[in-house]
Amino acid sequence: MGQDPEREVRSWGFSRVFKWKDHAGAYYPPHHLTTHLILQGELTITYPDDPTPTKETFKTGSRLDVAANRRHEVWIGNEGCTYVIGE
């Protein structure tokens, strides 16, 4: 991760970029295109429209991209999660 995570996410081509923190147990129902650069904590994601949906967990330092029009849902880990989002 670089010195300025928000600048790094903008360099990936996202114009709406912001830092966000979720508390433990936060949940998001299916939604559309986002990228995440995880600064601290972890999140678990699944893609409910996949033929056999599975959950995958991403931790500090991970970049997670979700393709346009790919619905996904997210659960936040026990210690919360701070990340930079690009939309």
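Trainee: Which strand gives the largest share of the lining of the largest pocket, and how many residues does that strand give?

Mentor: The largest share comes from S6, with three residues, a strand being a DSSP run of E over at least two residues, numbered from the N terminus. This is a predicted model, in which local features need pLDDT of at least 70 and side-chain atom pairs count only at 80 or more, while totals for chains, interfaces and linings use all residues. Residues are numbered from 1 along each chain as its sequence is written, and side-chain values use heavy atoms, leaving out hydrogens and water.

Trainee: What makes a residue such as Tyr83 part of the lining?

Mentor: A pocket is an open set of points on a 1 Å grid where a 1.4 Å probe fits, with protein on both sides within 12 Å along at least five of seven lines, and a lining residue has an atom within 4 Å of a point. Tyr83 is listed in the lining, as are Trp20, His36 and Val74, so Tyr83 has an atom within that limit.

Trainee: Which residues make up the largest nonpolar core?

Mentor: That core has 12 residues, including Ile38, Leu43, Val74, Ile76, Cys81 and Tyr83, and S6 gives the most to this core, with five residues.

Trainee: Why is this called a nonpolar core?

Mentor: The term requires buried Ala, Val, Leu, Ile, Met, Phe, Trp, Tyr and Cys residues joined through side-chain atoms within 4.5 Å, where buried means under 20% relative accessible area with a 1.4 Å probe and protein chains only.

How values were computed. Helices (H or I, at least four residues) and strands (E, at least two) are DSSP runs, numbered from the N terminus. Buried means under 20% relative accessible area, exposed over 50%, partly exposed in between (1.4 Å probe, protein chains only).
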